[in-house]
Amino acid sequence: MKKSLLGKIGASLLILSMALTGCGGGSGADNAAKPKEASKGDAKTDASAEKKLSVGYYVSGNLGDSGFFDSAKEGLDKAEKELGIEVKTVQGGANQSDWPTGLESMVASKKYEVIVVGTSQMKETTIDLAKRYPEQKFIYFDETITDVPNIYSVRYNQREGSFLAGAFAAMVTTSTDLKAANPDKTIGFLGGMDIPIINDFKAGYEQGAQFIDPEVKVISSFVGDFNNAPKGKELSLAQYNSQNVDIIFTVAGPAGIGGLEAAKESGKYAIGVNSNQNMVQPGHVLTSMLKNVGNSIYRAIDLYKKGDLPFGQNESLGIYEEGVGLAKDDLYNEHVPQAIRDKMDELQVKVVSGEIKIKQD
């Protein structure tokens with residue numbers, strides 16, 4: 001009887017073992033092999049995932065401008081972290097004659113699926129390269145380029161943003177709450193170069209000031225380039241000390257940093273540009289007119305990866321799209337009187353709603 005029972009148990013165990021093998025349980029050796037095969041498959045998947053979008057960023061100048069070059073880099077850094085791309089940045093330096101060959105060197109290397117470049121000074125060079133290298137894709141910022149099938153361009157409605165800056169400056173110069181504001185209704189504008197894009201800033205600035213008070217006068221100076229900070233400081237000091245200006249809007253890239261230094265040295269006020277420069281000279285830089293370049297570049301890379309970036313077209317981003325605006329941070333809240341802050345919030349709402357119309361050329 002015992003032998004019969006043992007035999008039945010043995011047979012049952014044998015059947016169970018065979019069933020487990022058929023279901024994938026298998027022997028120890030088989031089980032060890034299975035994970036190795038899966039691991040090879042995973043390695044192939046990982047290799048595919050590691051192939052990242054290669055993006056080149058050409059700076060027609062140098063980083064450290066506390067403006068749109070740095071802002072664009074911040075947007076690319078964010079995309080590198082969150083969208084899984086690889087970014088290589090090349091700085092062209094201060095010598096403008098080097099910029100065309102520098103950009104073409106990046107294009108000719110064929111290392112980059114997309115090249116990000118910007119500013120009005122690189123427009124014609126980029127169009128020429130796009131036509132000679134039709135396989136190269138470009139994301140171009142701060143200028144309008146259309147009908148070139150491998151270029152997507154984005155522009156920022158700086159006239160809208162500058163309107164806010166002008167209204168702000170007009171309220172500062174007539175303020176009785178700001179100690180450095182003098183009785184004269186005179187505000188300043190410092191431009192990098194006397195070119196259309198800078199004059200577009202100036203036009204919006206003048207409109208905003210006139211909207212608040214038609215008696216406000218705007219004094220303008222141009223550096224002649226975007227790099228000469230000492231000259232930017234010299235011109236700004238002349239406005240502050242000789243022309244009764246108490247606040248200057250500095251639209252001069254790195255040269256504008258000299259203007260911000262002049263505001264501190266003379267004990268007056270300034271408005272930064274492109275990115276938040278309020279912390280450059282706290283208490284003197286009361287706000288900054290923002291061009292949210294970084295956000296637009298991140299958005300463009302995201303659209304490109306999804307296959308939705310409209311090449312051959314231009315997009316213009318204004319206050320409504322958060323492409324431009326004023327920097328309202330803790331320093332702004334600390335140094336700008338409440339009455340001016342409230343009025344600026346009101347004006348921004350009215351511009352977005354269309355109640356306030358800003359003239360465009």
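## Tyr140 and the β4–β5 pair

Tyr140 stands opposite Ser153 in β5. Strands β4 (residues 137–141) and β5 (residues 151–156) pair in the parallel sense, with four bridges between them; pairing here asks for at least two DSSP bridges. Strands are DSSP runs of E with at least two residues, helices are runs of H or I with at least four, and both are numbered from the N terminus.

This is a predicted model, where local features need pLDDT of at least 70, side-chain atom pairs count only at pLDDT 80 or more, and totals for chains, interfaces and linings use all residues. Residues are numbered from 1 along each chain as its sequence is written, and side-chain values use heavy atoms, leaving out hydrogens and water.

## The six-stranded sheet

Let's step back to the sheet. It is open and parallel, with its six strands in the order β2-β1-β3-β4-β5-β11. Because β2 (85–91) and β11 (314–317) each have a single partner strand, one side of each is left without a neighbour in the sheet. From one strand to the next, the twist averages 20 degrees (axes are lines fitted to C-alpha atoms, and angles run from 0 to 180 degrees between N-to-C directions).

## Around β8

Now for β8 (residues 247–251), where five of five residues are buried, meaning under 20% relative accessible area with a 1.4 Å probe, protein chains only. Ile247, Phe249 and Val251 point one way from β8, while Ile248 and Thr250 point the other way.

Strand β6 (residues 186–191) runs parallel to β8, joined by four bridges, and Leu190 stands opposite Thr250. Three bridges join β8 to the parallel strand β9 (residues 269–274), where Ile271 stands opposite Phe249.

Terms used: Buried means under 20% relative accessible area, exposed over 50%, partly exposed in between (1.4 Å probe, protein chains only).
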